[in-house]
Amino acid sequence: MAQATMYFPDDFLWGTATSSHQVEGNNENNDWWQWEQQEGTILEGGRSGRACNWWENAEADLDLAAEMGNNAHRLSLEWSRIEPEPSVFDDAALGRYREILQALHDRGMQPMVTLHHFSNPVWLVEKGDFSVEIVVDYFRRYAEHVVDSLGDLVAQWVTINEPMVYVVARYLEGAFPAPKQRGWGVVPRVLNHLLRCHVAAYEAIKARYPQAPAGVAKNLIVFQPAPPGRGSPLNAWWAARISSLFNDWWMEAMHTGRLRRPLGSGQLRGLQGSFDFVGINYYTRRYCRFGKLYESDWGEDAIVSDGNYGEVYPDGLFQVIKQSLRYGKPIYITENGVPDAADRLRPAFLLSHLREIWRAVSFNWPVMGYYHWSLIDNFEWERGWTQRFGLVELDPESQQRRWRPSGRLYAEICKSFSISSDMAERYAPELMPVLFPG
Ligand code: BGC
């Protein structure tokens, strides 16, 4: 077959995504660090420890990202480093973030910066974190300080990473560090405060850098009735309901400014239209049974990633992009990846998911960039070091790095702004009939 190629636009952003607590190491002053020291909290007793040693030497991995042909990177700031005690701001920590952001520019990558990615200063948790209203003032003050100190080096902003995942894992499931108050009773209040924190940060950014795009990274999941293929009507109704609460509620709130019951009510000042792009974190689809959030109940043909994390379902990426067109804003895929230590799935995962983006772009849908999760293996929250998402492999003990084949493949894609049949033949020949039929 003659070589065939899918081209992406010249200004497409090719990146990877990381978060502070997962890569920096020694974040001793946040709630995750404390949580990790307790028995039974993290799978196999994992601890973040030195993580990927970014606080000392992020530059080493940014070199790898540059070698990978990336022109963008998404990272997060650690609130507990920047404001180790209430109203005490650490200039040395901000200085280190300036170095890291400058290092990205020096390597030809534009930074997308997240203000909150799951971890909290210990002092904030002691005061009641997102269940108390004063968090909005604290978050505004933190955001203002950050934008004043770092804003000149930031291309795009994410205020909050995956608010719904955060609420479910922290306040309902108990998989994340336990807050003082938990359960359904606090959820509407926490969501109300999270939305107001988002608005406060959005306003802080816009007041100083009106042109800088800002938004949220929203985890979107394709929910379907269980069991696959023969769900009962109740399961179908339930799946639609879960999808509307988990996927749509937050986005609709930002879009319209109104909070829908049962997770809230009324209009919030400044909320309507408080996003310049839709940030999509997409990983997988889930099957729902009436009364349960979701379960690992996939069909027989499903390709399932490490640790039963989820099914590889590239069509879902196209679906969530299509659903997001209704907001009429540019779209970034702010995370997408797969736990796969042996790299048995990732090359095909990359090709098949990027092909869905290519399809979207071919319809002139405004998908502007892709940030793969993740550049390098890192501390995977309650799953510790048991799941490996890196294009580059890390041995956390020896700190040795090794390129996975998928990392080489991604480099070829980023450098050529394309996916070719030749790449597919070399990295995932089984996909040829799907990617390049005929
Ligand atoms: C989070 C990341 C996490 C990834 C893989 C996303 O929900 O934003 O921090 O590592 O999923 O589980």
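This is a predicted model: local features need pLDDT of at least 70, side-chain atom pairs count only at pLDDT 80 or more; totals for chains, interfaces and linings use all residues.
Local features are described only where pLDDT is at least 70, side-chain atom pairs count only at pLDDT 80 or more, and totals for chains, interfaces and linings use all residues. Residue numbers start from 1 along each chain as its sequence is written, and side-chain values use heavy atoms, with hydrogens and water left out.

**Stop 1: the ligand**

Next, show the side chains of Gln22, Glu335 and Trp381. A polar side-chain atom of Gln22 is 2.8 Å from a ligand oxygen atom, and one of Glu335 is 2.9 Å from a ligand oxygen atom. For Trp381, a side-chain N or O atom is 2.8 Å from an oxygen atom of the ligand. The ligand taken alone exposes 310 Å², of which the protein buries 95%; areas come from the Shrake-Rupley method with a 1.4 Å probe, and for residues only the protein chains shown count as cover.

**Stop 2: Glu162**

Stay with Glu162, in the loop between strand S5 (156-161) and helix H8 (163-173). Helices (H or I, at least four residues) and strands (E, at least two) are DSSP runs numbered from the N terminus. Glu162 has a positive phi of about 45° although it is not a glycine. Is Glu162 buried or exposed? Glu162 is buried, because its relative accessible area is 6%; buried means under 20%, exposed over 50%, and partly exposed in between (1.4 Å probe, protein chains only).

**Stop 3: the nonpolar cores**

A nonpolar core is a set of buried Ala, Val, Leu, Ile, Met, Phe, Trp, Tyr and Cys residues joined through side-chain atoms within 4.5 Å. The largest has 135 residues, and Trp157, Trp250, Ile321, Leu354 and Ile357 touch the most other members. Helix H9 (residues 187-208) gives the most to this core, with 12 residues. Now centre on Ile321. Beyond four places in sequence, Ile321 is in contact (heavy atoms within 4.5 Å) with Ile280, Ile331, Ile333, Ile357, Ala360, Trp365 and Val367. Another core of 13 residues lies apart from the largest one, with Ala72, Phe277, Tyr371 and Phe389 among them.

**Stop 4: Asp377**

Asp377 sits in the loop between strand S9 (367-372) and strand S10 (392-395). Asp377 counts as buried because its relative accessibility is 0%. Which side chains does Asp377 meet through polar contacts? The partners are Arg388, at 3.3 Å, and Arg404, at 2.8 Å. A polar contact is a pair of N or O atoms within 3.5 Å; within protein, one must be able to donate a hydrogen and the other to accept it, and residues adjacent in sequence count only if both atoms are side-chain atoms.

**Stop 5: backbone angles**

In the loop between S9 and S10, select Ser374. A cis peptide bond joins Trp373 and Ser374, with omega about 10°. A cis bond also joins Ala226 and Pro227, with omega about -15°. Finish at Glu44, which has a positive phi of about 55° although it is not a glycine. Glu44 counts as exposed, because its relative accessibility is 73%.
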